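Please find below a note on the model under review.

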Amino acid sequence: MVESWKSNLNTVTNSKVSGEEMGVSELSKLESLHSSRLDIIILHSQKGGPGKTTLSCNIAHELAKRGNKTVLIDLDIAQPTIQHIFHVPDDEINITINDILLGESKVAEEALIKTKYPDLFLITATENVEYGEGLLSLLEGIQQFSFFALHEMTKFLQRMGFRYVVYDCAPGYRMESVNAAAVADARVFVVRPSTFSFEGAKQMLTDIYKKLDIRSLNFFVFNQLPPTLKKENVKLLESWKEEIIELYKPDKISFLDFLPISFDIMEQGIKGEYIFPETDELYVRLLKIVDILIESIDKMKEKKN
Ligand SMILES: Nc1ncnc2c1ncn2[C@@H]1O[C@H](COP(=O)(O)OP(=O)(O)OP(=O)(O)O)[C@@H](O)[C@H]1O
Ligand SMILES: [Mg+2]
């Protein structure tokens with residue numbers, strides 16, 4: 001029988017070990033855990049809507065297409081999407097990420113949903129969440145418990161032979177997203193070409209990513225650029241790119257691409273299809289992004305060994 005966060009809350013909060021110490025020891029455990037090569041990629045943003053879900057689905061799909069056993073996990077528990085993108089019927093969902101992070105279900109094979117794409121699996125989130133309850137509760141104990149649950153899940157996925165985990169995060173400072181950022185090998189920060197998205201990106205990269213600068217690689221990508229841009233706006237976007245790199249330090253963050261809006265992709269979305277066709281320019285750009293992510297993580301891990 002799995003104990004839920006409620007029964008674990010006392011153990012966590014009454015423990016003599018401080019939260020900080022627990023975090024550090026868990027992180028060092030994670031270091032050794034990573035030797036058997038499960039790589040974790042997260043897609044995150046400060047503001048909503050820049051394309052995290054679109055990119056995480058396509059990155060996970062491409063990793064699987066290359067023969068890597070991959071699981072895409074919906075961490076946007078307040079507004080889950082992955083279930084709909086892959087058209088998973090409700091009755092095929094037995095265990096959700098909410099159940100796992102709250103300890104209400106042991107992470108098990110039933111949580112993994114097979115897609116029609118070989119090697120691509122999903123873990124979906126629950127739509128019926130209530131503010132102030134479960135993972136949306138403000139109780140501190142839940143944060144700690146769900147962080148440990150995330151580690152347990154990582155170990156389980158490793159035992160199941162997964163090569164990549166891709167987390168589609170909720171935007172902003174949500175607990176699950178910050179936890180995922182802490183355990184990620186590579187974080188991809190998605191930014192829209194707008195002043196508020198840019199300002200938000202700088203704020204979040206400074207507030208959170210720099211503080212979690214333990215072992216992860218950081219990347220950023222601008223998405224949803226208009227097909228044609230005035231010269232002065234091209235210049236401005238270039239200066240934003242440089243500013244982010246400078247702010248974060250060039251050796252700590254890498255720029256991936258300026259991705260265009262694809263009207264074909266928008267039109268596909270009307271029919272409920274979100275995987276980029278090989279003929280779309282976005283697919284060609286995505287291939288390069290996936291190459292960079294794979295190679296950079298490989299390099300980082302080779303250096304460590
Ligand atoms: N490059 C693109 N070209 C065309 N449409 C895009 C592109 N990127 C994203 N979209 C569309 O923009 C919308 C928002 O994208 P998406 O849901 O991936 O963003 P998100 O960052 O996950 O949003 P949220 O913060 O709400 O989770 C979707 O309708 C998606 O299909
Ligand atoms: Mg999303």
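The points below take the sheet, its helices, the ligand shell and a few individual residues in turn.

1. Basis of the note. The model is predicted, and local features are reported at pLDDT of at least 70, side-chain atom pairs at pLDDT 80 or more, while totals for chains, interfaces and linings use all residues. Residues are numbered from 1 along each chain as its sequence is written, and chains are lettered from A and ligands numbered from 1 in the order in which they are written.

2. The sheet. Eight strands form an open sheet with mixed pairing, in the order E3-E4-E2-E5-E1-E6-E7-E8. Strand E3 (113-114) and strand E8 (253-260) are the edge strands, each pairing on one side only. Strands and helices here are DSSP runs numbered from the N terminus, strands (E) of at least two residues and helices (H or I) of at least four; two strands pair if DSSP finds at least two bridges between them.

3. Pairing of E1. Strand E1 runs parallel to E5, to which five bridges join it; Asp39 stands opposite Tyr164 of E5. E1 also pairs with E6 in the parallel sense, over four bridges, and the partner of His44 in E6 is Phe189.

4. Pairing of E6 with E7. Strand E6 (residues 186-191) and strand E7 (residues 217-225) run parallel and are joined by six bridges. Within this pair, Val191 has Phe222 of E7 as its bridge partner.

5. Burial of E1. Six of the six residues of E1 are buried, so the strand is largely enclosed by the rest of the structure. The term buried means 20 or more other C-beta atoms within 10 Å of the residue's own, exposed means 12 or fewer, and partly exposed lies in between, with C-beta atoms placed from the backbone. In a regular strand, side chains alternate between the two faces of the sheet. Both faces of E1 are covered, with Asp39, Ile41 and Leu43 buried on one side and Ile40, Ile42 and His44 buried on the other.

6. Asp39. Which residues does Asp39 touch, not counting residues up to four places away in sequence? They are Arg163, Tyr164, Asp185 and Ile297, contact meaning that C-beta atoms, placed from the backbone, lie within 7 Å. Asp39 is buried, with 22 other C-beta atoms within 10 Å. Asp39 and Ile294 are 255 residues apart in sequence, yet their C-alpha atoms are 8.9 Å apart.

7. Helices on the sheet. Helix H7 (residues 175-183) lies across E1, E2, E5 and E6 and runs at about 140 degrees to E1. Axes are lines fitted to C-alpha atoms, for helices over the stretch in contact, and angles between N-to-C directions run from 0 to 180 degrees.

8. H3 against H11. H3 packs with helix H11 (residues 281-304) at an angle of about 70 degrees, their axes being 10 Å apart. The two helices are therefore roughly perpendicular, a label given to angles of 65 to 115 degrees, with those under 35 called roughly parallel, those over 145 roughly antiparallel and the rest oblique. H3 contributes Asn58, Ile59, Glu62 and Leu63 to the contact, and H11 contributes Leu286, Leu287, Ile289 and Val290. By class, six of these residues are nonpolar, one is polar and one is charged; Ala, Val, Leu, Ile, Met, Phe, Trp, Tyr, Cys and Pro count as nonpolar, Asp, Glu, Lys and Arg as charged, and the others, Gly among them, as polar.

9. The shell of ligand 1. Of the 20 residues around ligand 1, Gly48, Gly51, Lys52, Thr53 and Thr54 come nearest, a residue being near when its C-beta atom, placed from the backbone, lies within 6 Å. H3, E7 and helix H10 (263-270) each give two or more residues to this shell. By class, the shell has seven nonpolar, eleven polar and two charged residues.

10. Positive phi values. Most residues other than glycine have a negative phi. Phi of His87 is near 50 degrees; His87 lies in the loop between helix H4 (82-85) and helix H5 (97-101) and counts as exposed, with 11 C-beta neighbours inside 10 Å. Gln224, in strand E7, has a positive phi of about 70 degrees and is buried, with 20 other C-beta atoms within 10 Å.

11. Phe258. Phe258 belongs to strand E8 and is partly exposed, with 18 other C-beta atoms within 10 Å. Phe258 touches Phe222, Leu225 and Leu237, not counting residues up to four places away in sequence.

Methods
Two residues are in contact if their C-beta atoms, placed from the backbone, lie within 7 Å.
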